[in-house]
Amino acid sequence: MKLNLKSPIAFFDLEATGINISTDRIVEISILKLFPEGQKELKTMKLNPTVPIPPESSLIHGIYDKDVADAPTFKDVARELFRFFEGADLAGFNVLKYDIPLLVEEFLRAGIDFDVEKRNLLDAQKIFFMMEKRNLASAYKFYCGKVLENAHSAEADTLATYEVFKAQIARYAGEEMEDLQGNRVGVLENDMKKIHHLINEKMVDLAGRFVFNDKGEECFNFGKQKGKPIAQVLKEEPGYYDWMMKGDFPLDTKRKLTQVKLRGFNS
């Protein structure tokens, strides 16, 4: 099938130092530009982000500081990339929430106003999620080959979930599992404790405001303190505890925060 193009379209993907659009930097960019007449142009380049690449990011995309030490910075090639994207619609997978905002930030830091308002923005991930529903009825049909009758009835949903869960274990037992960032977390087995560990390995509170880091420390997972150990923040900024306790946070989150605070007093 040939795409019906009235303008060029640029499919692109970014690898970066992390997922924070405001602070992280691009370390690799690949662009496939297609023209209405049928010709294609591919441009791929590694970039020196000018900041250290966190090990956890390198483990995902395989690019380390040494790999980009002699590479140009984004600012060095900004004009070249701007010309390559010129006149093209933008497309990719999860580009609306990540790649496009990060690309625009990099252009702005380089002093270039990369305007996307007059371009079509096309995200294959959104089409995937909209067309391949991620609800219980879809899971029931996918795993069990049945149509869910009386959906949203508590009993029907409960029985269907039980069947889906059994079918998932039967289908995936012995297979390697990955988290949403593509990190391997272990092998799925028919063992409830092990499944819990695989799914909830980094969970501290139910709302996801805190997570465990690789050292097993409870860390903030939001705001300016994201990535910092809770114990460290409470020690350096004691007022942060009162701010959270008075804030609109779930009681479970406040309970976990208090547990960490009390542990600090007793250590």
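## Salt bridges and surroundings in a predicted model

Let's start with a pair of charged residues: Glu218 and Arg263 form a salt bridge, and their closest N and O atoms sit 2.8 Å apart. This pair ties together distant parts of the chain, with Glu218 in strand S9 (residues 218-220) and Arg263 in helix H11, 45 residues apart. Keep in mind as you look around that this is a predicted model.

Are the two partners buried or exposed? Glu218 counts as buried because its relative accessibility is 13%, under the 20% cut-off. Arg263 counts as partly exposed, at 44% relative accessibility.

**More salt bridges**

How many salt bridges does the count come to? The total is 11.

| Salt bridge | Closest N and O atoms | Accessibility of the Glu | Accessibility of the Lys or Arg |
|---|---|---|---|
| Glu218 and Arg263 | 2.8 Å | Glu218, 13% | Arg263, 44% |
| Lys224 and Glu237 | 3.8 Å | Glu237, 30% | Lys224, 60% |
| Glu105 and Arg109 | 4.0 Å | Glu105, 29% | Arg109, 32% |

Lys224 and Glu237 form a salt bridge with 3.8 Å between their closest N and O atoms. This pair also links distant parts of the chain: Lys224 lies in the loop between S9 and helix H9 (230-236), while Glu237 lies in the loop between H9 and H10, 13 residues apart. Lys224 counts as exposed, with 60% relative accessibility, and Glu237 counts as partly exposed, with 30%.

Now for the last row. Glu105 and Arg109 are four residues apart in helix H4 (residues 95-109), so about one helical turn separates them. Both count as partly exposed, Glu105 at 29% and Arg109 at 32%.

Next, have a look at Lys43, which sits in strand S3 (residues 40-46). Its side chain makes a polar contact of 2.9 Å with the side chain of Glu80. Which residues does Lys43 touch, leaving aside neighbours within four places in sequence? They are Ile29, Ser30, Ile31, Glu80, Leu81 and Phe84.

Leu32 belongs to strand S2 (residues 26-34). Leu32 is partly exposed, with a relative accessible area of 31%. Together with Met1, Leu3, Phe11 and Leu42, Leu32 makes a nonpolar surface patch of about 560 Å².

**A proline between two helices**

Pro250 is in the loop between helix H10 (239-246) and helix H11 (251-266). At 38% relative accessible area, Pro250 is partly exposed. Its C-alpha atom is 9.2 Å from that of Asp205, a residue 45 places away along the chain.

**The whole chain**

Time to step back. The protein chain has 11 helices and nine strands. Its C-alpha trace spans about 60 × 55 × 35 Å along the principal axes. The radius of gyration is 23 Å, whereas a compact globule of 267 residues would come out near 18 Å.

How much of the chain is buried? Buried residues make up 34% of the 267 residues. The accessible surface comes to about 17400 Å², and carbon and sulfur atoms account for 54% of that. As for contacts with a separation of 6 or more, 48% are between residues 24 or more positions apart.

Methods
Residues numbered from 1 in each chain as written. Predicted model: local features only at pLDDT ≥ 70, side-chain atom pairs only at ≥ 80, totals over all residues. Heavy atoms only, no water. Buried < 20%, exposed > 50% of the residue type's maximum accessible area, 1.4 Å probe, protein only. Salt bridge = Lys/Arg side-chain N within 4 Å of Asp/Glu carboxyl O. Patch = residues over 30% accessible without salt bridge, like charges linked within 9 Å, V, L, I, M, F, W, Y side chains within 5 Å. Areas by Shrake-Rupley, 256 points an atom, 1.4 Å probe, with all protein chains shown as cover. Polar contact = N/O pair within 3.5 Å; in protein donor to acceptor, adjacent residues only side chain to side chain. Contact = heavy atoms within 4.5 Å. Rg over C-alpha atoms; globule rule 2.2 N^0.38 Å.
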